[in-house]
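The sequence and the structure are shown first, and the description follows.

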Amino acid sequence: MSQVTDTITEPELDAGVEVSAAVIGRSPWELFWRRFRKDRVALLGVAFIVILVLLAITAPLIARFVVHHGPNEINQDLTNEIGLPAVGPSGNYWFGVDTLGRDVFVRTIYGARTSLTVAFFATGIAVTIGIIMGTLAGFFGGWVDTGVSRAIDIVLSLPILLLAIGIAAACSITATGCLGGLIQPGISLVVGIIALFSWPYIGRIVRGQVLSIREKEFIEASRSLGFTNSGIMFREILPNLAAPVIVYTTLIIPNNILFEAALSFLGVGIPPTTPSWGRMIAEAASGQLYTVAWWMLLFPGVALVFTTLAFNLVGDGLRDALDPRMGG
Amino acid sequence: METLKRSSRVLAVVGVLAIVATACGGGGEEQASPSGPSTKGGTYRTAIEDFGFTNGFDPTGEYLGTAWGLYSDLISRTLVTYKHIEGVPGDEIVPDIAESWETSADGLTWTFHLKSGVMFGPPLDRAVTSKDIAYAFQRINTKSLIAQYGNYYAGVIEGLTGDAKSPSTPISGISTPDDSTIVFTLTKPTGDFLFRAAMPATAPIPEEVGKCFTKAGDYGRFVISSGPYMIDGEDALDTSSCKAMEPLSGFDPDKFMVFVRNPNYDAATDSPDVRSANLDGVVISIDTNTDDIFNKIQSGDLDGSWASLPPKTLEQQYLTNPDLKDNFHINSGDRTWYITMNLLVPPFDDVNVRKAVNFVIDKTALQKAWGGPAHGEIATSVEPPEVLPETADYDPYPSPNHEGDVQAAQDAMKQSKYDSNGDGKCDADVCSDVLLVSRNIPPWTDMNPVLSEDLAKIGINVKIRELETSTAYTTIQTLDNLIPIAANAGWGKDYADPYGFDFFIFNSAGIACSGQVNYSELGMTKDQATECGPKVLAAWNAATDNGKTPLPSVDKKMDECYGLLDEARATCWTELDTSLMEEAVPWVPYLWATVFTVTADSVTHWEFDQFSGALSFAHIAVNNGLDPTSVPVG
C-alpha cells in the first residue's frame, strides 16, 4: 500500500528528462507574503506607516533633543503685535509656528501620536466587539442573529457626527462627565465614540463570513468528531476569519483617523492641550489664517492625507495578497 | 450686565470724572470718523452670527447690550435717555419722554412731567401716556415675566417686589395723577435713579397689546414702538384680540430683523442731539460665518459690522493700510473681561490661591490673543476706567509688562494650606484635573493654552472645557455645577456708575440657583446654599468651616456707597474695588475691551453709542439710498 505523506515526492523519471525545480508546498502565509511583496505601492504605504509610527514614538525625544521645543511651548516673541504668526518654515522651526508661537513640526508629530493612538485603540475595540458579535450572530443564528443584525442596522443608520457632537457636548458640562465619571471629554471619549460607530462594519463582515464557513464540510466533520460549539468557534472558525478581518481592519483605520480629525476640527472631544491634526487644521482655517500662515494648514493637512492614503494602500495590498478572489 | 450688555451713565459724578476719564478712558485712541455732511435716507445693512438675546427681545427682561442699543436708538423711548454718542458725553442723561422732573427734599419722591405728542407706532396711533410707563413697571413687577435686572427696581420703588402674579396689578409706589405726570415713591434715597429710568425695561408698553403676553420673552416678537423707527410689519398687527395677533413680519429670531420709519414719530418731541434719525431703516441678517460677514462688508453687500469680532487677518489689513483708515473704529467698551473663581470650590476657597492666580496670569498674552492693544487696555482692577476712573491705574498684582510674576505667585501659594511642602506649587489632590470652563471660539481658543500653562506654574492642572458661548454662560450660571474656575465671561456696565457694574456680580442678592451672575458666590449665606441642594450646601459648609468663617462679602460696603453722591461716592467705590481685589479676590480681571467696528465706504457719518457699546443707529448715516423693505433677507 502506498503511504500518504504531506510532501509530494518526485516521480521516477527516465534518465535524460529535464527535471524542473522542485514544487515545494507553501503555507498560505508564504503565498501571501510573496504576493504582497510584489505590490510596490503597498510597500510604500508600509514604509510610510513605519516611519510615522517611529516619529510618533520618538516625538518627545525629538522635541527635546533635536529641535528643543515642546509641543505646547508658547513663545509670544514669534507672533506679531496682534497675535499672527511671524515665523514660517525656517532653520529653527522647520514647519513654522502657529498663533501662539508653538512649533508646528513638533505639534505635527505629536498629532501623529493622537491620530495613531485613537485610530489603533478605537479600531482595536471595534474589531473585538465586531468579531464577537459577528461570530455569535453568524454561528448561532436565530434570535441571536436577529438581535445583533438589528443592532448593526440601528447603529449604521445613526447620524454619526451629530450624535458624536451631542454626546461630547453633553458630557462636557459637568466636572465628572457622564455616567458618573465613566465618560469624560478627552481621548477616551473620542475612542469610545469611534469604536461605537465602527464595530458594525466588522460585525457585518464577520457575520457574513461565519455564515458561509459554518456550512462548510470541515465544520460538519468537527461536529461529528464531538467538538463543542466554543471549540468549533475558536479552533475552526476564528482562524479562517483572520484574512478578511485583517483586511477590513486596515481599511477602517484611515476612516477612524479621519473621524477623529473631523471631531477635533469641530472642537469636540480632544482637549485643547493635546495636539491633533484636525484641530490644527481648524485653527488654520479660522479667520482664514492660512492666507497669512500657509504652513499652519499645509503640514497637518498633508500629514493627514498621506497617512490616510498609506493605510488605504496597505489595506488594498493586503486584500489583494491575502485573497486574490476577494477584491479583484 | 453680561458682556454686550449696556448701561447708561449719569453725569452726576461727572465733573471730576469727565476730566479724568478723558485722560484715562479706553486707551484714548478713538478713530476719526467720516465727517462729511450726514446724508439722509438709505438703509444700514449689517449681520451678526446670532442675535443672542437673553429674553427673546422682550424688553421687560432683555439684558443684552446690543439689544439695548436697538431699543434706545430706534424703537423705545424712555423717561430719560442718552445722547447715543461716544465717550463721557455719551453717558450723560438727557430728557426723552419726560421734559422735566423734580425730586423731593428727602429724595424719596421723583415726579416726571411728560411731553405731549410722543406717539406709539401704527396700528395704535395714539399718544404715549404715564399709564403706559406705569404698565412697563408693572410688567417688571410680574414674576412670570422674569425681569432680569428687576432688582434695580424691586425694593427700591415702594410696592414693587417682583412677585406680582399679573402685570395688571398696580404698584403702590407709582402714581399717575394725569396722562402726563408720573410719580415714583422710593423706599430709600437712590442717587442713581435717573440711570434706572433710562433702561429699556421702563419704556412705555401699551396694555392693550402687552396684556396678551405674560410669559417671559413672548412680547419680544410684538414690540410696539414709541421711537423714530418700528419693526417692519408693526402696522399690520391685528390688535382686535390676543388670538388675532401674529408675530411682526420684520423680526424672525433665526433669520433677520428689519426696522423701518415710524410714521407717527414727531421729531419735534425729540432732539437731533439725541437721535438724528438719518437712516430710512436698518436691516440685520443672521450669518453664522464670521468670515463671510466681513467679506460682505468689503464687497459692499453690508454697510458695516455690529458686534462681530473681525478675524485677525482682516484686522491686520485695516490697521496697516492707510486707505482703510476711515473704515474701522475703535471705541471704549466699558466692559471688563475676567477669569472668575468659585469661592465654594477648592482650591479656590483659599484666598492665597486666588492671589497666586492673580499674580501668575500673563495678561499681555491674553491681550494678544484678543488682537493686541487695539482691543483694549489690560485690566488691573475690576471697574473699567469709564466707570470708575479713580482705579484706572490701580494694580495690586503688578508684574513686569503685565506678563505675570511667577515668583510672587509662588510666594502667595506658599501661604496656602494646599502647598504642604512650601515649594510654591499646589500639591493637593484638588489641584489636579481642575475644570476650567471657557469658550470654543477665538480669542478664547488662543487664550486657553496660555491659561493652562500659567496655572501649571503654581501647580494647578486644569482640564479645559471649551463650550459654546451660551452654553458656557448657562453652565457657570447653574450653581449645582460648582464650576471651580471659568474664563468665558465678560461684564459690561449697566450704567456708568459702579453700582451699575458691581451690583449683580458681587452682591449676594445676585446669587440664585440658576441664571445668576455672581459666579464667585461672594457673600453667599447658608440659606442660599441650602436652597440650592445638598451638593451646594456641602460645598458651602466645607468652604466656611460649617459657617464659622463666612464667605467674603461686599454687601455692607455696597449699601454704604448706595446713598452717597459725588466725591464721597467715588471714594467709597474705590475702597470697594480695593477690597474686592485684595481681600475677597473673586476675579482675575484681564482686559478692558474696546469695541472694534468695521464699516464700508457707504457710511458717510459714523457715531458710537456709549450706552449700548455698539454703533449708534441713532446718528450714523449711509449713502446707499436703499429702502429697508427692498433689501433681501433670510
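Apart from its neighbours within four places in sequence, B:Leu436 is in contact with B:Leu451, B:Val462, B:Lys463, B:Ile464, B:Arg465, B:Ile485, B:Ala486 and B:Ala487. The model in which these contacts are found is a predicted one.

B:Leu436 belongs to the largest nonpolar core, which has 189 residues. B:Leu436, B:Ala356, B:Ala486 and B:Tyr590 are the residues with the most contacts inside that core. The element that gives the most to this core is strand 18 of chain B (residues 587-598), with nine residues. A second, separate core holds 74 residues, among them A:Leu52, A:Ala112, A:Ile152 and A:Met296. In soluble globular proteins, nonpolar side chains tend to be buried together.

## Overall make-up of chain A

Chain A contains 11 helices and zero strands. Read from the N terminus, its elements therefore run α-α-α-α-α-α-α-α-α-α-α. Of the 328 residues in chain A, 40% are buried. Among the contacts in chain A with a separation of 6 or more, 69% are accounted for by residues 24 or more positions apart.

## Helices 3 and 4 of chain A

Two packed helices are described by the angle between their axes and the distance between the axes. Helix 3 of chain A (residues 104-140) and helix 4 of chain A (residues 142-157) pack at an angle of about 140°, and their axes are 7 Å apart. Helix 3 of chain A is therefore oblique to helix 4 of chain A. The crossing of these two helices is left-handed.

On the side of helix 3 of chain A, the contact is made by A:Met133, A:Leu136, A:Ala137 and A:Phe140. Helix 4 of chain A contributes A:Gly142, A:Val144, A:Asp145, A:Val148 and A:Ser149. By type, the residues of this contact comprise six nonpolar, two polar and one charged.

## An enclosed helix

Helix 9 of chain A (residues 277-285) is largely enclosed by the rest of the structure, because seven of its nine residues are buried. Those buried residues are A:Trp277, A:Gly278, A:Arg279, A:Met280, A:Ile281, A:Glu283 and A:Ala284. The cover over them includes helix 3, helix 8 (229-265) and helix 10 (294-322) of chain A, together with helix 11 of chain B. After helix 9 of chain A comes A:Gly287, whose phi is positive, near 65°.

## Where the two chains meet

Which element of chain B gives the largest share of the side that touches chain A? In total, 28 residues of chain B are in contact with 26 residues of chain A. Helix 7 (312-320), helix 9 (363-370), helix 11 (444-456) and strand 15 (462-467) of chain B are the elements that give two or more residues to the side touching chain A. The largest share, seven residues, comes from helix 11 of chain B.

The residues on this side of chain B divide into nine nonpolar, 10 polar and nine charged. Helix 11 of chain B is also among the elements that cover the buried residues of helix 9 of chain A.

## An exposed glycine

A:Gly25 lies in the segment before helix 1 (28-38) of chain A. Is this residue buried or exposed? A:Gly25 counts as exposed because it has 8 C-beta neighbours inside 10 Å, and the cut-off for an exposed residue is 12 or fewer. From A:Gly25 to A:Val268 the separation is 243 residues in sequence and 53 Å in space, C-alpha to C-alpha.

Technical notes
Residues numbered from 1 in each chain as written. Chains lettered and ligands numbered in written order. Predicted model: local features only at pLDDT ≥ 70, side-chain atom pairs only at ≥ 80, totals over all residues. Axes fitted to C-alpha atoms, helices over the stretch in contact; angles between N-to-C directions. Helix = DSSP H or I, 4+ residues; strand = E, 2+ residues; numbered from the N terminus. Parallel < 35°, antiparallel > 145°, perpendicular 65-115°, else oblique. Left-handed = near helix turned anticlockwise from the far one by under 90°. Contact = placed C-beta atoms within 7 Å. Nonpolar A, V, L, I, M, F, W, Y, C, P; charged D, E, K, R; others polar. Buried ≥ 20, exposed ≤ 12 C-beta atoms within 10 Å, placed from the backbone. Core = buried A, V, L, I, M, F, W, Y, C linked by C-beta atoms within 7 Å.
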